[in-house]
Amino acid sequence: MLPVFEEPWHAQVFAMTVRLNETGLIDWSDWTRAFGATLARHGTKKDLNGGEDYFNAWLETLETLLIERSVANDIEMRALKKEWTRAYIETPHGQPVALRS
């Protein structure tokens, strides 16, 4: 059975993580350690059900690992997030979101 995602970005961040594992950039044992630490920081009382909270924690973990491995730095990540937010807000409903070249 294939996983069901509440939002397209949940599937995208999941797929990106799987691809980074396939390329050897992220090892699953490193991922589980880092994701477990992120979930612990969020606290065990918080319900992480595979929805928005869960994938925000997933994304936080992925960003952390990319920074740790010098694939990106914090400044680049913040700039990219800002650009994606701008693109999302400015994109008409039903159109694909695209970054400026």
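## Phenylalanine 5

Phenylalanine 5 touches His10, Ala11, Phe14 and Phe55, leaving out residues up to four places away in sequence; contact means heavy atoms within 4.5 Å. The residue lies in the segment before α1. Its relative accessibility is 25%, so phenylalanine 5 counts as partly exposed. Buried means under 20% relative accessible area, exposed over 50%, and partly exposed in between (1.4 Å probe, protein chains only). Between phenylalanine 5 and glutamate 52 there are 9.7 Å in space, C-alpha to C-alpha, although the two are 47 residues apart in sequence.

## Model and overall fold

The model is predicted: local features need pLDDT of at least 70 and side-chain atom pairs count only at pLDDT 80 or more, while totals for chains, interfaces and linings use all residues. Residues are numbered from 1 along each chain as its sequence is written, and side-chain values use heavy atoms, with hydrogens and water left out.

The protein has four helices and zero strands. Helices (H or I, at least four residues) and strands (E, at least two) are DSSP runs, numbered from the N terminus. Of the 101 residues in the protein, 23% are buried. Among contacts between residues at least 6 apart in sequence, 47% join residues at least 24 apart.

## Nonpolar core

The largest nonpolar core has 14 residues, and those with the most contacts inside it are Ile26, Trp31, Trp58 and Leu62. α1 (8–22), α2 (28–42) and α3 (52–68) each supply at least two residues of this core, and the largest share, six residues, comes from α3. Such a core is a set of buried Ala, Val, Leu, Ile, Met, Phe, Trp, Tyr and Cys residues joined through side-chain atoms within 4.5 Å.

Leaving aside neighbours within four places in sequence, isoleucine 26 is in contact with Leu20, Asn21, Trp31, Leu62 and Leu65.

Helix α4 has 17 residues and reaches 24 Å from its first C-alpha to its last, close to the 24 Å expected at 1.5 Å a residue; the expected span is 1.5 Å times one less than the number of residues. Its buried residues are Met77, Arg86 and Ala87, and they pack against α3.

Tryptophan 84 is also found in helix α4 (residues 74–90) and is partly exposed, with a relative accessible area of 40%. Together with Leu80, Tyr88, Ile89, Val97 and Leu99, Trp84 makes a nonpolar surface patch of about 600 Å². Patches are made of residues with over 30% relative accessible area and no salt bridge, with like charges joined within 9 Å and nonpolar side chains (Val, Leu, Ile, Met, Phe, Trp, Tyr) within 5 Å. A salt bridge is a side-chain nitrogen of Lys or Arg within 4 Å of a carboxyl oxygen of Asp or Glu. Accessible areas come from the Shrake-Rupley method with a 1.4 Å probe; for residues, only the protein chains shown count as cover.
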